[in-house]
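Have a look at it, try each task, and then read the solution.

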Amino acid sequence: MESSLALSESERRQLDKLKARDREVRAHEAAHQGVGGQYAGAASFSYQRGPDGVQYAIGGEVPIELSAVEGNPQATVEKMRIIQAAAMAPAQPSAQDRAVAAEAAQIQRQAQAEMAQNARSSQERTQEGARTEGRAAVETYRSISGMSPRANADESARLDLSI
């Protein structure tokens, strides 16, 4: 490893740029990991050897688990909110970061649509159940009171005939 005193002015400028880039890349990936939590994997880096012989990170990535939570659209919505926040966490999100955030937003919209459909289906089942219970109550009342659907029809017919 060379001493920084033995570096030329151009090598020192290159070294300063590499050190700054290393700090930027590491902070960027740490932001993804910090916000992504359990959905973010370990950061990996690409390196360049500086004029001092040291490897400096010049690029990096953090894998993120971008799948829906099977059978649980509400959990999917929450997960996608975290993933969107993680993708956009760095001070300067990359084009890839924005693409991940957009994909998470799409998955989130699909989960919200599924939740809305489930709510509509549940409401329809509740309404149908209420109608069924109402019909059963009417039939129970009629059977207790001695009226039958047939008796009502006959009663109406008799009333009509006597007018």
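**Exercise 1.** Is aspartate 22 buried or exposed?

*Solution.* Keep in mind that this is a predicted model. Start by finding the residue: aspartate 22 sits in helix α1. Next, take its relative accessible area, which is 12%. The cut-off for buried is under 20%, so aspartate 22 counts as buried. Finally, look at what surrounds it. Setting aside neighbours within four places in sequence, aspartate 22 is in contact with Tyr56 and Ala57.

**Exercise 2.** Work out where glutamine 92 is and what it touches.

*Solution.* First, the place: glutamine 92 belongs to the loop between α2 and α3, the latter being residues 95-145. Then the surface: its relative accessible area is 63%, so glutamine 92 is exposed. Now the contacts. If you don't count residues up to four places away in sequence, glutamine 92 touches Glu24 and His28. Take histidine 28 and check the spacing: it is 64 residues from glutamine 92 in sequence, yet the C-alpha atoms are 7.9 Å apart in space.

**Exercise 3.** How do the axes of helix α1 and helix α2 run relative to each other?

*Solution.* Begin with the stretches: α1 covers residues 9-36 and α2 covers residues 73-87. Their axes come within 8 Å and cross at roughly 165°. Angles over 145 degrees count as roughly antiparallel, so that is the label for α1 and α2. The crossing of α1 past α2 is right-handed. Who makes the contact? On the α1 side it's His32, Val35 and Gly36, and on the α2 side it's Ile82, Ala85, Ala86 and Ala87.

**Exercise 4.** Describe the aromatic pair formed by phenylalanine 45 and tyrosine 47.

*Solution.* A pair of aromatic rings is described by the distance of the centres and the angle of the planes. The count here is one aromatic pair. Its ring centres, those of phenylalanine 45 and tyrosine 47, are 6.3 Å apart, and the planes are at 55°. Planes under 30 degrees apart would be stacked and over 60 edge-to-face, so this pair is tilted.

Phenylalanine 45 has 25% relative accessibility and counts as partly exposed. Tyrosine 47, at 42%, is partly exposed too.

How values were computed
Residues numbered from 1 in each chain as written. Predicted model: local features only at pLDDT ≥ 70, side-chain atom pairs only at ≥ 80, totals over all residues. Heavy atoms only, no water. Phe/Tyr/Trp six-rings, centres within 6.5 Å; stacked < 30°, edge-to-face > 60°. Buried < 20%, exposed > 50% of the residue type's maximum accessible area, 1.4 Å probe, protein only. Axes fitted to C-alpha atoms, helices over the stretch in contact; angles between N-to-C directions. Helix = DSSP H or I, 4+ residues; strand = E, 2+ residues; numbered from the N terminus. Parallel < 35°, antiparallel > 145°, perpendicular 65-115°, else oblique. Left-handed = near helix turned anticlockwise from the far one by under 90°. Contact = heavy atoms within 4.5 Å.
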